[in-house]
Amino acid sequence: MLYLKEINYEDIEKEYLFVRNMPIDENGLTNKWNGISREDFRNKAFTEMTAFSKGENLPEGYVPETFLFLWNGDEIVGQFRIRHYLCESLRTGGGHIGYFIKKEFRNKGYGKEGLRQTLQIARTIIPEDEIYLRVNKDNPASLKVMFYNGGYIKYEDENKYYVRIKK
């Protein structure tokens, strides 16, 4: 059974292992905590991630962002992030939602279901009429996930599609 859980202290060890092993940048989703130590995750990354979801200690130009983990039973298989509203850089860039599915769980429907559940939560948080997403043109699997969840291409540039999903 797939389900989302917001970052929480109860699951910190599994969250740490997942985040530590996420690539630094894959298909546009960045992870500044790749390779982080257990202690630094507990004292820095976890603290920052939980504060960001409350809109606390945000760097200049950042908006509140909720970190969710997609679980399959007792194993984390993906991470989804919801930016609570758009600033100009997000409006023309990354949008509201970013996500990552571990390689061994791709092409099994986890992205589709994870995004579906994330959209349910996002619709209660974000004020805009549409949910903004962005996908690299060389990532057709992720574009299919967005289409499956009601997405359409609003515009594109040389490298990316900018997708919208109605609230």
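Guide: Start with helix α2, residues 38-53. Its 16 residues reach 21 Å from first C-alpha to last, close to the 22 Å expected at 1.5 Å a residue. The expected span is 1.5 Å times one less than the number of residues. Helices (H or I, at least four residues) and strands (E, at least two) are DSSP runs, numbered from the N terminus. This is a predicted model: local features need pLDDT of at least 70, side-chain atom pairs count only at pLDDT 80 or more, and totals for chains, interfaces and linings use all residues. Residues are numbered from 1 along each chain as its sequence is written, and side-chain values use heavy atoms, leaving out hydrogens and water.

Visitor: Where is the kink in α2 centred?

Guide: A bend is the angle between axes fitted to the seven residues ending at a residue and the seven starting there. In α2 the kink is about 30 degrees, centred on A45.

Visitor: Which residues of α2 are buried?

Guide: Buried means under 20% relative accessible area, exposed over 50%, partly exposed in between (1.4 Å probe, protein chains only). In α2, the buried residues include F41, A45, F46 and M49. Their cover includes β1 (2-6), α1 (12-21), β4 (65-72) and β5 (75-83).

Visitor: What is phi like in most residues?

Guide: Most residues other than glycine have a negative phi. N27 has a positive phi, near 55 degrees. N27 lies in the loop between β2 (25-26) and β3 (29-30).

Visitor: Where is N57 found?

Guide: N57 sits in the loop between α2 and β4. Its phi is also positive, near 55 degrees.

Visitor: Is N57 buried or exposed?

Guide: N57 is exposed, at 67% relative accessibility. N27 is partly exposed, at 39%.

Methods: Contact means heavy atoms within 4.5 Å.
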